[in-house]
Amino acid sequence: MYLAYGLFVLGLLSAAEYWGWSFNSVSQRKDVPRSVRDNPGSYRSVYGGYPHYTGGK
Amino acid sequence: MSQPGANCPNCGAPVRFRWSSSVQTVCEYCQSILVRTDVDLRKVGTVADLPRDGSPVQIGTEGRYRHLSFVTIGRVIYEYDQGLWSEWHLAMSDGKNGWLSDAQFEYAVTFAAPRRQMPAAGAVNVNQRYEWDGVQYTVTTITDARYRGIQGELPFQTWDKEKARFIDLRSAAANCATLDYSDADPVLYLGEIVDGDALQLKNLRSFEGWPS
Amino acid sequence: MAVVSGDAPDRPAAPPKVQGLNCPKCGAALSVRSFDHAVSIVCGSCHSILDAKDPQLRILQQFEGKVHEVQPLIPLGRRGRWHGAAYELIGFQQRTIAVDGAHYSWHEYLLFNPFKGFRYLTQYDGHWNDSVTLRSVPDATRGVIGTVTHEGVTYRHFQTATAVTSFVLGEFPWEVRVGESARVSDYVAPPRVLSREATGNEATWSIGQYTSGRDVWAAFALPGSPPKAVGVYANQPSPYGRAGRVWRPFLKMAGALLVLMIVLSSLALKSQVFKHTYTFDTRRAQPDQPESSFVTEVFDLQGHTSNVELTTEASVSNNWIGVSYALINEDTGQAYDVGREVSYYSGRDQDGAWTEGSTRDVAVIPSVPPGRYYLRVEPDADPGPGTIRYTVILRRDVPSFLLYGLALLALAIPPGFATWRSMSFEQARWAESGGSAPDMGSDS
């Protein structure tokens, strides 16, 4: 019984390591047009702001 | 092993000895106590009624001890301050004799051990230690008993005895020893305590309501 | 009458009978079941204890009206197949101890077989034990204080208390009195228990084995079902086995995990696919200024779908730089957005030197399919007088050691849970122990 469970855990681990799974989810989007290469500023990042507080005191 | 041809001097019935060196026996027909001399059998008395006891062993019970088989051919019943116990005289399958101690389903098999160092009767106390044949024994009890009944063949005479003193010893394992001071010449018995099941006893007494 | 051997012609041995007697006090019929072994007989009708060895059945004690009547679960005279032979229930007694002001009673059932002798069944709170008297005295000299050894097994002291006989029925091969007390000590090595019972100078040892009520019910063909076992009993065997045993398969799995880790992490590419250093001019920084964004050259992410490690190194000192990344697949248009920050501060205060943050930040983008990619980078910092140099490094297919740690934890869950359950069981067992310390002193 434990053998089956252990093999399952190791199998899951192998799959995770192989395909590079992770817990942190990264925002994805599709259909980014090629025009971004010419005009990087046109890319609207998912992050509207900054990862830290930017407002005034 | 058995000696043919002797007859009871009292009633003439045939007397059979199942062990060659038995000294005393009881005639099955007239209950006379007979002592064997070099020449013949002599009547020395009559057995009294045996006290009632619950032992499942009887004369003729067969059993096994180590690689030998045995049959009970005689019995002495002793009485002490806490009750009765029996010593069964055994004819072993190798021609020797032995003893089965029987006290409320606790059994021990012992054999006479001659030519061993033995302490004097008054010199022994409980918890003292002695060694025989490489085994350490500790004195557990000193018992003063009286003869309460006899049956069958015995290797000594009891008809003229009233009291006996026994000193029991135990080893750390299952070995046991008994110093028998009932005679002028004390006797040492060495043996071991045994489980009733290990003896594989057959031909036990029957009890009403209990299939054997 | 002397018992003769079977050889005698017309003198068949009379088998001993079950005696039919009457109580001298109330005349009720008494059954004696143990063929001259009985020392005490109890008249169930008038609760007198009689001397079985006396032909007149002298009355030794009367406990009528002084005690609570108790009904034995196995009726007197009932036979059952037990321990390889037929046994008859001939005696019953209730014994009571007082621990911390509370009274606990258990029941003892005396079983008899004329060829094999006596056995005892004890019952407490639905827990049963099958016991016999021990002829050898267990060794108390070896091992820890409070343990005894018998036949190579060590028994731990569980409880010592004074047991008072509070009710009797049937017959016994020894003297009984209601109200008599004995000092009882129990030593356990589940499923066995060694009990020492001492009255005055004499001590008797017995060995017991834990038994289920169902076995007793089946053996004696009793109606209904046995009383439910409450709690954990002194020598009740743990259903969870020995605690250490469950960790052996774990060690084997952990070994396999180690091997897997070595193999997988060496097979991982761990290849650096991009490294470039940039300079951000803080004099030109303004919030929400998209002009600072730029794109990198296109690079290949090879192999199978795997992760991408993104490292940002910046030479900040008491400053920070935030970088917003998008890893964009040139062909499919799939983008992965990651916003990171590198900040590092240091100084001195009354406690000494301190630092906060790091000049290096690492992030992992999971499950990126192979293909041609580029980065869109948008740095940001507080407006300032100088520049911040920062380096961006991308590595393809790196092992995640966090996952190995989690796998190890996951493997430890079943044995950990089993150990916890086993420990709780043992805790419940020993919670019931107590009473006095074991009586010291030599034994007969």
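Mentor: Two strands pair if DSSP finds at least two bridges between them, and strands here are DSSP runs of E, at least two residues long, while helices are runs of H or I with at least four, all numbered from the N terminus. The model is predicted, so local features need pLDDT of at least 70 and side-chain atom pairs count only at pLDDT 80 or more, whereas totals for chains, interfaces and linings use all residues. Residues are numbered from 1 along each chain as its sequence is written, and chains are lettered from A, with ligands numbered from 1, in the order in which they are written.

Now the sheet: in chain C, four strands line up as β16-β25-β19-β23, an open sheet with antiparallel pairing. β16 (271–281) and β23 (360–368) of chain C are its edges, each pairing on one side only. Inside, β19(C) (residues 306–314) and β25(C) (residues 387–396) run antiparallel, joined by 7 bridges. Zoom in on Thr311(C) and you'll find its bridge partner in β25(C), Ile393(C). Direction ignored, neighbouring strands of the sheet are turned by 15° against each other on average.

Chain C also has a helix to look at: α2(C) (residues 247–267) meets α1(A) (residues 2–19), with axes that come within 11 Å and cross at roughly 20°. The axes are lines fitted to C-alpha atoms, for helices over the stretch in contact, and angles run from 0 to 180 degrees between N-to-C directions.
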